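Dear colleague,

I am handing over the structure we spoke about, and my notes on it follow below. Please read them with the coordinates open beside you.

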Amino acid sequence: MVKKLLFSSLFFVTCVNAKQHDFSVMLACHASSDKPGLAISIEQSGKHIFKGALGVADISTRDPLKVDSIFQIGSISKQFTAAAILQLVENNNLSLKNTLDDFITDLPVEYAKLTIESVLSHTSGLPNYNSDVGIRQRWDKYATIDEVINVVSKMPVLTKPGVDYAYSNTGYILLGKVIEAASGLTYSEYLQRNIFSPLGMKNSFVVTKGVSSKQIVRGYTANSDEPNAYFTPEIVDRSWIYAAGAIASTLDDMSLWHRGLSSGKVISAANYQLMVTRAKLNNGESVNYGFGTDVYPISGQPSYSHQGQVPGFVAWSVYFPSHDLLGTVFGNNDAVHPGPALLNMIARQLNLSPAPIAHQNITEQAKTLIGKYKGTDDTMMTVTFDDRQLSAKTSNGVIRKLVLRENNSFSFACTEDYYQLREQDDKRLLVPVSIYMGERAPLVRMEIQ
């Protein structure tokens, strides 16, 4: 059923430094008070820089999102699963060199002899059960973990172990069963007893059945044809997601999790390094994943992260060790990734993009940027400066206002991605720079107006 949202503004935000106004404005660029939205937290060196939430937690009740709302975090759960495996290693309940059949019976031969280590790093060659049409037709109903494993393990492996990186939810489903067999506890009980409770994560839990359990925030989906209409997402009983992504949590609990994990309260420092060190293939090449953690640079900065998506929810958590900065964002509309909102704030905090020019004498700086630019795919961008406003007209005829920035740069509104004018081989190049993806193919200035 489609429900239109027509009600008053609701905006909850907590800010604790001089940049509070900028961050709240940035949040409002990516969410609004009358739709499913976002909750964001940024902390650096143990201090919260910003916490904010904007949007609705439930369309039917019109309850607002709050900074302490509980969201489902999807595949960020893999960090917890990986840490639980490493705890069991430290307690001599298993070894990373153990194979799956040491703990799980009746597996196909090509599954049985895969090492736990290879499954943790997605280098085992296991498939991703999400892609199987037959499985998708039955995952709206509860199933026991043994029933789930019996179904998902029928898919053939993709490669021999160590040949390639292939992200596999199937692998983490199996790791959840390993945790149960090695500990004598259910996956949910293990996390509660050994991670959530010791760290004081009072609002975190595993959704074991259904889609919401004691969930506070409702998840939604949308489509491009009706951008202001929100729908109930596809029903996937969380028993089919399990140790691959069925945890729910809050911003504050995710902060406790990061501090506990990185400080030695959850696993040893050596095992934490295994989580955040890129795994290697048989040929010696490294992949951008450790154990339960994405490991790759963002804007030239080392980062440890994971994103998560389950029907109704998208989440991202990222840590920049060089700056001791942790950012977490939750969204309750699975059609929109909340990562850009968080990354824009982080870019502003860490000065990853040229600073906006706020003073009034902008005419000379703006004039250096005006002109017509042609991309490698023949797309055009025309930059103009009229009535003290820098604007860009793209090939589709749309005109958008620009934000003038230092170092001969500008950006569109509501983003820290930017364009920078550079000279090279007697040409003037307009270089697009994505905070997440880095430099893209330049546009060449064709004429000066």
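**Helix α7 and its ends**

At 1.5 Å a residue, the 15 residues of helix α7 (residues 169–183) should span 21 Å, and because its end C-alpha atoms are 21 Å apart, the two values agree. The expected span is 1.5 Å times one less than the number of residues, and helices (H or I, at least four residues) and strands (E, at least two) are DSSP runs numbered from the N terminus. This is a predicted model, in which local features need pLDDT of at least 70 and side-chain atom pairs count only at pLDDT 80 or more, while totals for chains, interfaces and linings use all residues. Residues are numbered from 1 along each chain as its sequence is written, and side-chain values use heavy atoms, with hydrogens and water left out.

Of the 15 residues of α7, 13 are buried, so the helix is largely enclosed by the rest of the structure; buried means under 20% relative accessible area, exposed over 50%, and partly exposed in between (1.4 Å probe, protein chains only). S168 caps the N-terminal end of α7, with a side-chain oxygen 3.4 Å from the backbone nitrogen of T170. Just after the helix, G184 takes a positive phi of about 80°.

**Helix α11**

For helix α11 (residues 339–350), 12 residues at 1.5 Å each should span 16 Å, which agrees with the 16 Å between its end C-alpha atoms. This helix is mostly covered, with 10 of its 12 residues buried, among them L342, L343, I346 and L350.

Leaving aside residues up to four places away in sequence, F80 touches I73, L191, I195, F196, M201, I247, M254 and W257, contact meaning heavy atoms within 4.5 Å.

Three strands form an open antiparallel sheet in the order β6-β10-β7, where two strands pair if DSSP finds at least two bridges between them. β6 (71–72) and β7 (205–206) stand at the edges with a single partner strand each, so one side of each is left without a neighbour in the sheet. Two bridges join β6 to β10 (residues 247–249), and the bridge partner of F71 in β10 is S249.

With best regards

Technical notes. Polar contact = N/O pair within 3.5 Å; in protein donor to acceptor, adjacent residues only side chain to side chain.
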